[in-house]
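Subject: Handing over a structure, with notes

Dear colleague,

I am passing a structure on to you, and I would be glad if you could look it over before reading my notes. The sequence and the structure come first, and the notes follow below.

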Amino acid sequence: MLSPSLLSHPPCTTTPTTNLAFHAQQTTHTHPSISSSTPQNPNSFFSFSKLSNFPSLLSAKTRTKRSLICKPISAKYIREDYLVKKVSAEEVQELVKGERKVPIVLDFYATWCGPCILMAQELEMLAVEYESNVLILKIDTDDEYEFARDMQVRGLPTVYFISPNPTKDAIRTEGLIPIQMMRDIIDNEM
């Protein structure tokens, strides 16, 4: 029986279809090269009598079939209904050059990047929290390679915080950063 916490856990996990503990108690295996006439020294570091009580990890009898308990994750992480929108390099350049009253948070990501997926979740929470007070955008570095190179993106995720005040420099962070640090930058530095 699966526990309720396992069923509610979002990532895909596998569950064995046989009970290993029960199977291990019913069968005992010894390695073929170890005979029963091997002297058993209780002070020996390698006591083979203790090992014979456990099934061999390579034994066919202890292998279990595993089945998925959830649907595999699709490779597309940016959907149309997300608050953080994926944009092109041209759209970003128009937004930065144009007049605006809100800061821009620009996230450079890749779909194959694990920390980028975690950062996307944090940015979605920020988008809900700040609503129309901050414009949060994403750029896929695989699609916009030249623009990412021009913006000196060398590690992922890279986030630029661009103030609406043209006299202020943009703030650049690289790597996964805590959501509180992003809040502090938006509230205090923009």
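What follows goes from the chain as a whole to a few residues within it.

Please keep in mind throughout that this is a predicted model.

The chain as a whole

The secondary structure of the chain consists of seven helices and seven strands, and read from the N terminus these elements follow the order α-β-α-α-β-β-α-β-α-β-α-β-β-α. The chain has 190 residues, of which 32% count as buried. Among the contacts with a separation of 6 or more, 72% are between residues 24 or more positions apart. The chain exposes about 13400 Å², and carbon and sulfur atoms supply 56% of that area.

The aromatic rings

How many aromatic pairs does a search of the whole structure find? The search finds two. In one of them, the rings of Phe 108 and Phe 147 have centres 5.8 Å apart and planes at 35°, so this pair is tilted. Because Phe 108 belongs to strand E4 and Phe 147 to helix H6 (residues 145-150), the pair ties together parts that are 39 residues apart in sequence. Phe 108 is buried, with a relative accessible area of 0%, and Phe 147, at 9% relative accessibility, counts as buried too, since the cut-off for that word is under 20%.

Phe 108 also pairs with Tyr 160: here the ring centres are 5.9 Å apart and the planes stand at 75°, so the pair is edge-to-face. As Phe 108 lies in strand E4 and Tyr 160 in strand E6 (residues 158-162), this pair ties together parts that are 52 residues apart in sequence. Tyr 160 is buried, with a relative accessible area of 9%. Taken together, the ring pairs link Phe 108, Phe 147 and Tyr 160 into a cluster.

Is Asp 107 buried or exposed? Asp 107 is buried, with a relative accessible area of 0%, and its side chain is joined to that of Lys 138 by a polar contact of 2.4 Å. If residues up to four places away in sequence are not counted, Asp 107 touches Met 119, Leu 123, Leu 137, Lys 138, Ile 139, Pro 157, Thr 158 and Val 159.

Asp 140

Asp 140 is found in strand E5, which spans residues 135-140, and at 6% relative accessibility Asp 140 counts as buried. Which backbone atom does the side chain of Asp 140 reach? The side chain reaches the backbone nitrogen of Asp 142, at 3.0 Å. Leaving aside its neighbours within four places in sequence, Asp 140 is in contact with Lys 86, Tyr 109, Ala 110 and Thr 111.

With kind regards

Terms used
Residues are numbered from 1 along each chain as its sequence is written. This is a predicted model: local features need pLDDT of at least 70, side-chain atom pairs count only at pLDDT 80 or more; totals for chains, interfaces and linings use all residues. Side-chain values use heavy atoms; hydrogens and water are left out. Buried means under 20% relative accessible area, exposed over 50%, partly exposed in between (1.4 Å probe, protein chains only). A polar contact is a pair of N or O atoms within 3.5 Å; within protein, one must be able to donate a hydrogen and the other to accept it, and residues adjacent in sequence count only if both atoms are side-chain atoms. Contact means heavy atoms within 4.5 Å. Rings of Phe, Tyr and Trp (its six-membered ring) pair if their centres lie within 6.5 Å; planes under 30 degrees apart count as stacked, over 60 as edge-to-face and the rest as tilted. Helices (H or I, at least four residues) and strands (E, at least two) are DSSP runs, numbered from the N terminus. Accessible areas come from the Shrake-Rupley method with a 1.4 Å probe; for residues, only the protein chains shown count as cover.
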